[in-house]
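Colleague: I would like to learn how to read a model of this kind. Please take me through it feature by feature.

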Amino acid sequence: MIMTVLIDYRLCNGCPGRLEARCEEICPGDLFKRENGQAFLREPAACWDCCACVKACPRAALSITLPFQISVAQHRLIARLKKSHIVWKLIDRSGNSVASYNIRNRSRPMPAKK
Ligand code: SF4
Ligand code: SF4
């Protein structure tokens, strides 16, 4: 079952002003680097499909393609990280949004100190 992280180079701006791009910083496999001011996935076969980069990208430039076992139409998932939840969108091959899911973040704000 192969899932693939795709980079939309129309959206990726290379996370300017950061020592490391967000995708570089968060990937547990250290699979991203920046080349010519944009993200580059250097070893796609080593990706374990954790989706951390998809959630972390502030530009929604990363998506993950669902394998046919999950989606016959091979939809892609993109994510938008909000304060309390993540908005996952299912995208068809033409780039149209076909479904949207709001998933609450598991992390909770620390209670205020008294
Ligand atoms: S986090 Fe997103 S915008 Fe930043 S370099 Fe990676 S793909 Fe590009
Ligand atoms: S899905 Fe996970 S392992 Fe794959 S490139 Fe993104 S952060 Fe790295």
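Modeller: Start with what "near" means: a residue is near a molecule or strand if its C-beta atom, placed from the backbone, lies within 6 Å of it. By that rule 13 residues surround ligand 2, and C27, C47, C50, A52 and C53 are the closest. Bear in mind that this is a predicted model: local features need pLDDT of at least 70, side-chain atom pairs count only at pLDDT 80 or more, and totals for chains, interfaces and linings use all residues. Residues are numbered from 1 along each chain as its sequence is written, while chains are lettered from A and ligands numbered from 1 in the order in which they are written.

Colleague: Which residues come nearest to ligand 1?

Modeller: Among the 13 residues around ligand 1, they are C12, C15, A21, C23 and C57.

Colleague: How do the residues of the two shells divide?

Modeller: Ala, Val, Leu, Ile, Met, Phe, Trp, Tyr, Cys and Pro count as nonpolar, Asp, Glu, Lys and Arg as charged, and the others, Gly among them, as polar. The shell around ligand 1 has nine nonpolar, two polar and two charged residues; the shell around ligand 2 has 11 nonpolar, one polar and one charged.

Colleague: How many helices and strands does the protein have?

Modeller: Helices (H or I, at least four residues) and strands (E, at least two) are DSSP runs, numbered from the N terminus. Here there are two helices and seven strands, in the order β-α-β-β-α-β-β-β-β.

Colleague: And what is the strand order in the open sheet?

Modeller: Strands of a sheet pair through backbone hydrogen bonds, either parallel or antiparallel. Two strands pair if DSSP finds at least two bridges between them. The open sheet of five strands runs β1-β4-β5-β6-β7, with antiparallel pairing. Because β1 (4–7) and β7 (97–104) stand at the edges with a single partner strand each, one side of each has no neighbour in the sheet. Within the sheet, β4 (residues 62–65) and β5 (residues 76–81) pair over two bridges, and T65 has R76 of β5 as its bridge partner.

Colleague: Which residues does F32 touch?

Modeller: Two residues are in contact if their C-beta atoms, placed from the backbone, lie within 7 Å. Leaving out residues up to four places away in sequence, F32 touches A21, C23, E24, C27, A39, F40, L41 and C53.
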